[in-house]
Amino acid sequence: MKKNRKMLNSLSSLFTALSLLLTTPAAFAQDVPPPDAPPPEASATGTRVQTREKKIQRDGETVLLKERVVTQDNSVGTGVALFLGLDLGVIKSITELTDIETDKQGTQVGGRLVGSVYPENWVFDLGLGWFYSSISGQERLTDPQTGQRDEKFSDVKVITYAAFAELAGRYRLTKNWQLGLAFDAMFGEDLSFSSEANPAAVTGLVGLQLFYGVPEKTADIRWGLSAFTDITVPERQLYWVLLSVQLGLPLVKPDTIYREKSLVSMRDKVEREEVKKFVPKVVTKDVVKFVLHQDTLRFPPRKAILGNENQRFIIDLANTLKSVSEFWEDITVEGYVAPDSMGMGNESMNLRLSSARAAAVRNALVASGVSSTKAKSRGFGSGKPYDSTNALSALNERIELSFGGVTNAGRLNDVLNALQKRKVKPETCTAAGCK
């Protein structure tokens, strides 16, 4: 009874601390990154609008916190992911039977499979796993013949194999950090964690979890620190500290959510209102393609060699891409040729030629400073002609730059168009200036 009452008091304190954390005004009015794009109109198809209000007292005045949330439907309002994880930890057993055994401590290793659901501000986990633990200490062992305990303590090691199920809920403190409670149920042949105690088949645990996920939505990888204590093991108190790493596979991506916040101060019947701009919680990332025809980047017939003039252009192109690298995440250099580039309609040779040209441009960009991890190449042969009305058109001989993860398509297009214009029609300079 004394142990159960202590567990209930500890659990109540954990819930109280978490509630105070989640209801503070600072958490409600948390800052978000500056906007990169305006939100969709509330009347747009698949868009929902919610308004929230909350009053607080601050510096002798009543402050009304307002928040307008605009949700644009991409798929559903909640993300879903599947994780495979590894756990490493330490265990300590504090006994109440000090005349029979001493405290024990040791290590634990295990694995788990976790399904995670990501609503707007929460993460909920349901996991299944298995673990192995080994703890060491001393006990006064019982003689099997006489049934009497030894007068002296002997060194013992307790090995435990068990499966477990875990239910956890964590509040998202920031875009990446999560804090919450977890409940575990362990199942095994002997979960008493003592060499001579009566076997226990089920053990319950409760604890706190702190996780960091990357990226901030349905994470591809996340790290966690968990602290547990048991609520069912008799005559001893168990404590776990676990370090976890989990690799995830996002199954459903959540909606794009925009927020508009305002503060309204009310004192002496005078209202002052400050309205912040719409702030996107998720920045939409586009795919942009840029075409380089033969007047900009010309290859010799049936060859994938970059001449001196092309080398100079590639260096300028690489410097341009590096100057706006914050607006794109990756680039694919795509090669295309006319159907008869290799003669007699040999498509396999056309494919090899287009792949070689794309690889030559990609390698030249990397040699000029573009990150090799962000650049790749691919050839399409004579497929996807630029001029579908004339298969032999010179326009079909081209290189296309396909940018992924673009956050400012306008700026990227401007700098590439300016570079292409200088290549096709170079500036002429005199004493009076350049034009």
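This is a short chat about a predicted protein model.

Student: What should I know about the model before we start?
Tutor: Local features need pLDDT of at least 70, side-chain atom pairs count only at pLDDT 80 or more, and totals for chains, interfaces and linings use all residues. Residues are numbered from 1 along each chain as its sequence is written, and side-chain values use heavy atoms, with hydrogens and water left out.

Student: How many helices and strands does the protein chain have?
Tutor: 5 helices and 19 strands. These are DSSP runs, numbered from the N terminus: helices are H or I with at least four residues, strands are E with at least two.

Student: Which residues are buried in α3?
Tutor: Asn310, Phe313, Ile314, Leu317, Ala318, Thr320 and Leu321. Buried means under 20% relative accessible area, exposed over 50%, and partly exposed in between (1.4 Å probe, protein chains only).

Student: Is tyrosine 171 buried or exposed?
Tutor: Buried, at 14% relative accessibility. Tryptophan 122 is partly exposed, at 29%.

Student: What sits over the ring of tryptophan 328?
Tutor: The charged end of lysine 374, 4.4 Å from the ring centre. The rule wants NZ of Lys or CZ of Arg within 6 Å of the ring centre and within 35 degrees of the ring normal.
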